[in-house]
Each structure stands twice: as C-alpha cells, then as structure tokens.
Amino acid sequence: LEVDEQSHALARHAGELEQMVQARTHELVLANAAKDDFLKARDHALTVAQRAQERLAFLGEATRILVTSLDPVETLTRLARFLVPTLADYCIISMTIKGGMSRCIAMMHADPECTELLHRLAGRIAPDRISAGHPMVKVQEMDRAVWYQDLAHAAKTVDSGSFEAHLALGAESVIIAMRIALLPSPIDIAA
C-alpha cells in the first residue's frame with residue numbers, strides 16, 4: 001500500500017512538474033516573441049532614422065551645389081554630377097534660352113559607355129524635334145513633373161517614339177520636369 005501511495009504521489013508530482021514546465025515554456029515563447037517584436041520595431045525605427053538622415057544629407061548637398069555658384073551652366077553641370085548615380089542612372093539638363101530655344105548644358109550617365117546613346121536622347125528632346133504628343137509637352141502644359149513608373153507600358157500608351165532612347169538606356173522609369181525656378185530664365189530637365 002505504501003508503495004502504491006508513493007507511486008501515486010510521484011505520478012502526481014510528475015504531472016505538476018510537467019504543467020510547470022509547460023507554463024514556463026509558454027512564458028519563454030511569449031517573451032521571445034515580445035523580444036523579436038521589439039527588435040523588429042527597433043530595426044524599423046533605425047532604418048527610418050537612417051533614411052531621414054540620408055534625405056537630409058542629400059538635400060543639404062543639393063542646396064550647397066545650387067548656392068555655390070552664380071553661373072547657371074556650372075551649377076547645373078555640378079547638379080547633374082551629383083544626381084548621377086545618387087538619384088538617377090542618367091540625367092539631361094537643358095536650359096531654355098532667348099527665343100524659346102533649348103540648349104543642353106549637362107549630361108551625365110552612371111555608365112560612361114552609354115554617353116553616345118545619351119547624346120542621341122538629348123537630341124530627340126530638343127524643342128524643335130518634339131511632337132505635340134511628346135511627354136515634355138504634357139509636362140509643360142501641366143506645369144508639373146510627371147513620373148512614368150513603368151516605362152515599357154508608357155512607351156505603348158504615350159507618343160511611342162518618346163521613350164525609345166530611354167528604354168535603350170535600360171531605364172525602367174523616367175521623371176520629366178520642366179521650368180524649374182532656380183534661375184531667372186526657365187530650365188528644362190529630363191532625367
């Protein structure tokens with residue numbers, strides 16, 4: 001009888017220990033999940049802060065470039081060098097001069113082997129060469145920048161010849177902005 005009682009007491013004690021182990025295991029799982037959530041939130045906050053710092057540094061450098069020289073050609077050439085490859089794979093900056101004519105003043109590509117193709121693209125966006133359906137005309141009429149996020153799709157729906165050179169340069173998207181008010185005369189930018 002005594003052996004039975006001891007066996008029963010041991011079984012009961014083993015059951016209690018098992019319940020305690022399960023409870024502690026559950027607490028550990030919850031604590032680990034809370035730790036993981038905290039670390040994910042911390043990592044996200046650090047990433048957001050780092051991106052904000054990078055944006056501020058970018059804006060600070062762009063501002064420095066824009067205010068350093070009074071010569072518009074020098075300023076915009078330096079701006080193109082800064083934008084590529086920081087913000088874009090390539091950049092073409094044209095300045096509208098007297099009589100509404102446009103003159104390309106800066107061209108930059110991250111891949112020097114694409115320079116010739118970039119020059120051909122710049123030639124295609126000269127004001128005397130663009131058609132009424134060209135995206136630059138749309139941008140000028142709207143007086144705001146347009147971002148073509150899916151260039152392959154835009155090439156099918158917008159003036160088809162407008163994006164051929166961009167696609168040949170390997171672009172997946174393009175931002176066209178015109179008449180940026182940096183200088184007394186209008187400036188046209190296609191990047």
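Arg64 and Glu61 are both located in helix 1, which spans residues 2–68, and stand three residues apart, about one turn of the helix. In this predicted model, their side chains meet in a salt bridge with an N to O distance of 2.6 Å. Arg64 has a relative accessibility of 39% and therefore counts as partly exposed. Glu61, with a relative accessible area of 26%, is likewise partly exposed.

A search of the whole structure identified five salt bridges, among them the Arg64 and Glu61 pair. Side chains of opposite charge can pair when their charged atoms come close.

Glu74 is partly exposed, its relative accessible area being 37%. Arg78, by contrast, has a relative accessible area of 19% and is classed as buried because this value is under 20%.

A further salt bridge links Asp36 with Lys35, where the closest N and O atoms lie 3.8 Å apart. Asp36 counts as partly exposed at 37% relative accessibility, and Lys35 is also assigned to the partly exposed class, at 43%.

Conventions
Residues numbered from 1 in each chain as written. Predicted model: local features only at pLDDT ≥ 70, side-chain atom pairs only at ≥ 80, totals over all residues. Heavy atoms only, no water. Salt bridge = Lys/Arg side-chain N within 4 Å of Asp/Glu carboxyl O. Buried < 20%, exposed > 50% of the residue type's maximum accessible area, 1.4 Å probe, protein only. Helix = DSSP H or I, 4+ residues; strand = E, 2+ residues; numbered from the N terminus.
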